[in-house]
Amino acid sequence: MARISPILAFQLIISSLFSSFAMIPVSGENHGFVGSIDPKLFGLQEEKLTHIRLFWHDLLNGPHPSAMDVVPSPTKSPTNYGLVRMFDNALTEGPELSSELVARAQGFYASAARKGLSKLMVQNFAFVQGQFNGSTINLIGRNSIFNKVRELPVVGGSGVFRLARGYALATTHTGDAAVEYNIYVLHY
């Protein structure tokens, strides 16, 4: 039987102790695969409510369209039922496309209604400057585009908006798909 040196034995004991600490759940109690965690352990303080106002520009035509069909409508329906369109749209500070770029709206919308114009929208608002640079807000929901104001839920985010929740109100600003978004988001 091979002997272990005292130094190696000491290192194994210390290593074993440290690895056993890593297996203790953060909450201090073992709940199986689910447990409560104190948000302060992650540096999360009190939640804040932030209002963000942006303008979304969906360009379908011209030399540099920001949206394109990836699945054409399989029907001849006036609602384009079944159409899926991907987009990478500018989010600007003002209603003009030439206004300061704050973020990019990246995602897709699909014509989800056989009757009426209603879209399923899935989008990430990826901030490219300012205090939210590098963070995202995630929205998903129904957008009935002929309603004056539409509400979409905020279902998450990243960076500054990690664990975000809230809602966005969308209002068409001009006929060429400039949409004003007023976002009310709770985050840490």
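A residue is called buried under 20% relative accessible area, exposed over 50%, and partly exposed in between (1.4 Å probe, protein chains only). By this criterion Ser-135 is buried because its relative accessibility is 3%. The model is predicted, so local features require pLDDT of at least 70 and side-chain atom pairs pLDDT 80 or more, whereas totals for chains, interfaces and linings use all residues. Residues are numbered from 1 along each chain as its sequence is written, and side-chain values use heavy atoms, without hydrogens or water.

Confidence is given by pLDDT, the predictor's score for each residue from 0 to 100. Its mean over the chain is 87, and 82% of residues reach 70 or more. Residues 21-25 stay under 50. Where pLDDT is low, the predicted coordinates should not be read in detail.

Ser-135 sits in the loop between β5 and β6; strands are DSSP runs of E, at least two residues, numbered from the N terminus. A polar atom of the Ser-135 side chain lies 2.9 Å from the backbone nitrogen of Val-160. Contacts (heavy atoms within 4.5 Å) of Ser-135 beyond four places in sequence include Phe-125, Phe-127, Ser-158 and Phe-161.

The largest nonpolar core has 26 residues. Such a core is a set of buried Ala, Val, Leu, Ile, Met, Phe, Trp, Tyr and Cys residues joined through side-chain atoms within 4.5 Å. Among the members that touch the most others are Ile-52, Trp-56, Phe-125 and Phe-127. Strands supplying at least two core residues each include β1 (48-57), β5 (118-127) and β9 (178-187).

Methods: Helix = DSSP H or I, 4+ residues; strand = E, 2+ residues; numbered from the N terminus. Polar contact = N/O pair within 3.5 Å; in protein donor to acceptor, adjacent residues only side chain to side chain.
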